[in-house]
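Have the sequence and the 3D view open as you read, and take the points in order.

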Amino acid sequence: MPVIVNPEACQDERGALLAYLDAQRGGIRRAVHGLTEEQARSAPSASALSLSALLKHALTGERGWLGTARGEVGDPKEQMAQWEDSFRPAEDETVEVLLARYEEAARKTDAAIRALPSLDATFEAPRYPWDEGGTRTWRWLILHMIEETARHAGHADIIRETIDGKGAFDLVFETGAMPEPDWSVLDR
């Protein structure tokens, strides 16, 4: 639980799903807060992933799924190459650049989902080695994006804590994503 999702954002299914997706995006964004480029590109844990790589991968995944849902499916081999490249930020892909691109991808995803007449609208997902493909609803898409983003936010938590000991809640409070609770209520 990176932050408490505002109940006001959950007045309908679409709003709730977008709010939960954004909460998970926030976990990835906060993981790079206050780090140097060198720290963000380091892979200090058992994983070969860095925080910059996770950020680029989350960005690439969100862009890719939105393109797929819109019918903008390219050559499968090219898409595989993009996916593999998503784990390797280029020199010019700084944390600042990747965060800006991630924010833009999020805005486009959110706008597309808000513009749908229904989350029951469908699209055709291509076949990949790990997925048979087929007809999917946009509801499936946003749930899948929540799942994937949450998974990577968890990875980011572990990598960040390995870098400097800051856990997800430390970063939530430090960035002002949520005020630090009044812990004294537990003493009552």
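1. The accessible surface of the protein chain is about 10,400 Å², and carbon and sulfur atoms hold 53% of it. Accessible areas are computed by the Shrake-Rupley method with a 1.4 Å probe, and for residues only the protein chains shown count as cover. Of the 188 residues in the chain, 41% are buried; buried means under 20% relative accessible area, exposed means over 50%, and partly exposed lies in between (1.4 Å probe, protein chains only).

2. A word on what you are looking at: this is a predicted model, in which local features need pLDDT of at least 70 and side-chain atom pairs count only at pLDDT 80 or more, while totals for chains, interfaces and linings use all residues. Residues are numbered from 1 along each chain as its sequence is written, and side-chain values use heavy atoms, with hydrogens and water left out.

3. What is the overall pattern along the sequence? The protein chain reads α-α-α-α-α-β-β-α-α, made of seven helices and two strands. Helices (H or I, at least four residues) and strands (E, at least two) are DSSP runs, numbered from the N terminus.

4. Now for overall dimensions. The C-alpha trace spans about 55 × 40 × 25 Å along its principal axes. Among contacts with a separation of 6 or more, 69% join residues 24 or more positions apart, where contact means heavy atoms within 4.5 Å.

5. Please look at the loop between H4 and H5, where Ser-86 is found. Is Ser-86 buried or exposed? Ser-86 is buried, because its relative accessible area is 0%. Leaving aside residues up to four places away in sequence, Ser-86 touches Ala-53, Lys-56, His-57 and Thr-60. The side chains of Ser-86 and His-57 are also joined by a polar contact of 2.7 Å. A polar contact is a pair of N or O atoms within 3.5 Å; within protein, one must be able to donate a hydrogen and the other to accept it, and residues adjacent in sequence count only if both atoms are side-chain atoms.

6. Glu-93 also lies in the loop between helix H4 (76-85) and helix H5 (95-115). With a relative accessible area of 10%, Glu-93 is buried. A polar atom of its side chain lies 2.6 Å from the backbone nitrogen of Ala-90. Not counting residues up to four places away in sequence, Glu-93 touches Arg-41, Lys-56, Arg-88, Leu-98 and Arg-101.

7. Asp-110 is placed in helix H5 and is buried at 17% relative accessible area. Apart from residues up to four places away in sequence, Asp-110 touches Leu-18 and Arg-25.

8. Finally, the rings. There are four aromatic pairs in the structure, one of them the edge-to-face pair of Trp-83 and Phe-87, with 5.4 Å centre to centre and 90° between the planes. Rings of Phe, Tyr and Trp (its six-membered ring) pair if their centres lie within 6.5 Å; planes under 30 degrees apart count as stacked, over 60 as edge-to-face and the rest as tilted. Trp-83 is partly exposed at 36% relative accessible area, and Phe-87 is partly exposed at 26%.
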